[in-house]
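Open your viewer and get the selection tool ready.

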Amino acid sequence: MSKNIWMTLALAVTVGSLGGLTGCQADNQVPAQTPVIQQAAVQKPVAGEAVIPVPDSQEAVKAYHWSGLIHENYPITVNLEEKDSILQGSLVYTNTAAQTPIRLLGRVIHYTDGQEAFSFAEMAANGEHTGDVDGNVTAAGGFEGHWRAPSIVTNKNGSYVYIEGNRYTVSLSNHSMDTPPVFSWDSTAADCLGTYRYSYGENCGGGTLKLFKRDGKLMCSISSNTAAPAFNMAIVTDKECTVRDGRIICRLDTGKNSAAPHVFEILPFRDFAVVRFVSGAWNGYFGMGATIEGQYLKID
């Protein structure tokens, strides 16, 4: 294996992905700055650093309807909705016979200088990424960015070979709709039991979230890993949760050297769930580059 391939693979497995997930698509990753939560107890972010806004369940839903091209050859329509920095929607390849809508999940990345970036993934029914998009809303209300095909990591006689997915430009403009689709933002914390998943493909990282009841108590387990060859892991096993304002809150054991408790929240919706950190110093708690954060599609 060439030195360049190894360097590319090392970058891919140590940088977190778009949605807080760890995968193979290095160019699609959130910029290298570590996101911080906007709370008084957390160190103030520096200029231009990514930040996670404090959730507001009353925030209005923003709708985007776009049409245009991928790589100047593939016409698509995109219907996307945003609430609390979460994105969900659908994408249709309009030159296909079936024109089947593909599920989209993602998030808006906010920066301290006021800039925003969109990142969302095409999701198959099993939670697998079939394409990833990153970019920005234009001044005219359109969208400019890039679409990335899934990358591939193969195991050949114990050595992992990285093949980067093709990357194409995306150029979209406003698309008016007589009856635009409306996606559910109803919290399903009272009826959220099941299995949720995301995957970047074999050897490319992924995660599974399980919500279940035990002795009448709501419990969660999360297991995720980065791509080969590291396969660094982030694991939460059988933790009791509480429900607060439609959010599922979980507190992890705090180490002796930790100044704050480790708390994360799960936001369950009709067919997906979002896992986000709330407080605590997470560096070093999980394997290098591994995280439980991200968007998980409900598969069971």
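**Stop one: a buried arginine**

Select Arg 247: at 12% relative accessibility, it counts as buried (buried means under 20% relative accessible area, exposed over 50%, partly exposed in between, with a 1.4 Å probe and protein chains only). Before moving on, note that this is a predicted model, where local features need pLDDT of at least 70, side-chain atom pairs count only at pLDDT 80 or more, and totals for chains, interfaces and linings use all residues. Residues are numbered from 1 along each chain as its sequence is written, and side-chain values use heavy atoms, leaving out hydrogens and water.

**Stop two: its partner**

Which residue meets Arg 247 in a salt bridge? Select Glu 265: the N to O distance is 3.2 Å. A salt bridge is a side-chain nitrogen of Lys or Arg within 4 Å of a carboxyl oxygen of Asp or Glu. Glu 265 is buried too, at 6% relative accessibility.

Arg 276 is buried, with 9% relative accessibility. Next, show Asp 84: a network of salt bridges links Asp 84, Arg 247, Glu 265 and Arg 276.

**Stop four: another pair**

Select Arg 148 and Glu 164. They form a salt bridge, with the closest N and O atoms 3.3 Å apart. Are these two residues buried, exposed or partly exposed? Arg 148 is buried, at 0% relative accessibility, whereas Glu 164 is partly exposed, at 40%.

To finish, search the whole structure: there are seven salt bridges.
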